[in-house]
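Here's a quick briefing to read alongside the model. Have the sequence and the 3D view open as you go.

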Amino acid sequence: MQSVTVELGAASTMELVNALSAIATELATRDAPESAAACLELTETLAAASDMQESALAGFIGRVDATGEQQRWGFPSTRAWLRSRLGMRESRAKERLTLARQRHRLPQVVERLAAGELSFGYATTVADSVARLDDTDCAEAEATLLGFIDQGFSAGKVATFGHRIRDVIAERDDTEAVPDEDSKRGYAKSWLTTIRSLDGGRYVKGWLNPEDAAIWDGTLAPLAKPAGPEDRRDVAERTAAALSSVLSGGHKATKVTVICDLDTLTGGNAPARLTDDTPIPAPQARRIALAAGVSPLLLGRGNTPLYLGHRERFASAAQRHVLETLYPSCAVRECEIPGTLCEVDHVNGWALGRSPTNIDQLALTCGWHNRFKHTSPDQIQITKDQDGRYVYRLLPPPDARGATGPPGGIGPPDSTLPWAA
């Protein structure tokens, strides 16, 4: 059993975090007490302590986000760092990042969260509610929502109030407006109105019901992602560009690829699969093949593609089709960008003349990691998996390793190194 002794007032932040980690490690290995009443009390106490830890965590995340430190480690955004490095689900990463970015505007929330008087759930609900408000409305909204919390409303109820925060403020100030025509339409049916401006543009306003919203998200969300670190457009501008691409037919290059053995097409029972490994029953694969183009992909030992492309700078459409089949997402293990939105990367660097545009020397990486790989080659470790696909792994920046670390290039990971795990 590890002993932990810390003088709280004199300890550094690092010493406190290390002590907390040691205590958490010991606590996690212990069995729950037999008394259910004791477990209830312990749960409430531990949850309150965890919420206070979230206050410190928000400060750490906020500093990383404000300085862009995550980019030195190979992550294009703070949210990507939280998801990939810390294993957070998208919803939790968004909650923590929103709180980190809004805490400077929420002094009462920050004070009460740090004192253990406010739960993390309440704090993130308020932070999300004020994220789109100006500073004046933010201060009023913070006081209003904290008032609802003090009255005993649940976090879910407070979130509902937060979604209608402007209405809440208007009601409090006795300036509530009569519902407009759009609000009277209800939420069951989708609707859209457009008004042409004097300069030929159009104002667009509307509402999508959940079913149509799912279609919207599935079609536009992949196209509205940032083009790279130099893409300074906000979400609204990228969404408008994605919608224009769909309306103009620019998205029609999207295709569905079904991968199967020749035996499956000739009557075998081996299932086919999509590029994301979703299984497709053999009979369905044959039906799809009757109405679709069939392209052979010859694979050698280790599933390495044998057909080679031309020694040109850019991959051909056929080569890209093969790569999208092999890479359902960016070759960087920690990245979630779909392969269909990635760029073709010369594994050994085409500019150096070491890698012709041959299919067995190409991989798919998102635009951000493509540039990161060539500007920080010592922070990318390249290996191959059992299927012959290249796998890129991010390494810490050299000054964070205590040594220069391994150079970039192809080679087996060194399991003795702390950054090779």
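Predicted model: local features only at pLDDT ≥ 70, side-chain atom pairs only at ≥ 80, totals over all residues.

**Confidence**

- Helix 6 (residues 107-114) has the highest mean pLDDT among the elements, at 94, while strand 10 (residues 409-410) sits at the other end with 44.
- Residues 304-311 have pLDDT below 50, and this stretch still has 31 contacts in the model beyond near neighbours in sequence.
- Residues 403-421 also stay under 50, with 30 contacts beyond four places in sequence.

**Salt bridges**

- R96 pairs with E54, and their closest N and O atoms are 2.5 Å apart.
- R96 belongs to helix 5 (residues 90-102) and E54 to helix 2 (residues 36-67), so this pair ties together parts that are 42 residues apart in sequence.
- Both ends count as buried: R96 has 14% relative accessibility and E54 has 10%.
- R72 and D399 meet through their side chains at 3.1 Å, N to O.
- That pair links distant parts of the chain, 327 residues apart, with R72 in helix 3 (residues 69-72) and D399 in the loop between strand 9 (390-394) and strand 10.
- R72 is partly exposed at 36% relative accessibility, whereas D399 is exposed at 57%.
- E26 bridges to R30, with the closest N and O atoms 3.3 Å apart, and E26 is partly exposed at 25%.
- Salt bridges also link R79, R83, E90 and E336 into a network.

**Strands 6 and 7**

- Strand 6 (residues 343-346) and strand 7 run antiparallel and are joined by 4 bridges.
- Across this pairing, H346 stands opposite L362 in strand 7.
- In strand 7 (residues 362-365), L362 and L364 point one way and A363 and T365 the other, and all are buried.

**A buried threonine**

- T78 lies in helix 4 (residues 78-84).
- Its relative accessible area is 2%, so T78 counts as buried.
- Leaving aside residues up to four places away in sequence, T78 touches I61, D65, Q70 and L97.

- L208 sits in the loop between strand 2 (202-207) and helix 12 (210-220).
- With a relative accessible area of 32%, L208 is partly exposed.

Methods:
Residues numbered from 1 in each chain as written. Heavy atoms only, no water. Helix = DSSP H or I, 4+ residues; strand = E, 2+ residues; numbered from the N terminus. Buried < 20%, exposed > 50% of the residue type's maximum accessible area, 1.4 Å probe, protein only. Contact = heavy atoms within 4.5 Å. Pairing = 2+ DSSP bridges. pLDDT = per-residue confidence, 0-100. Salt bridge = Lys/Arg side-chain N within 4 Å of Asp/Glu carboxyl O.
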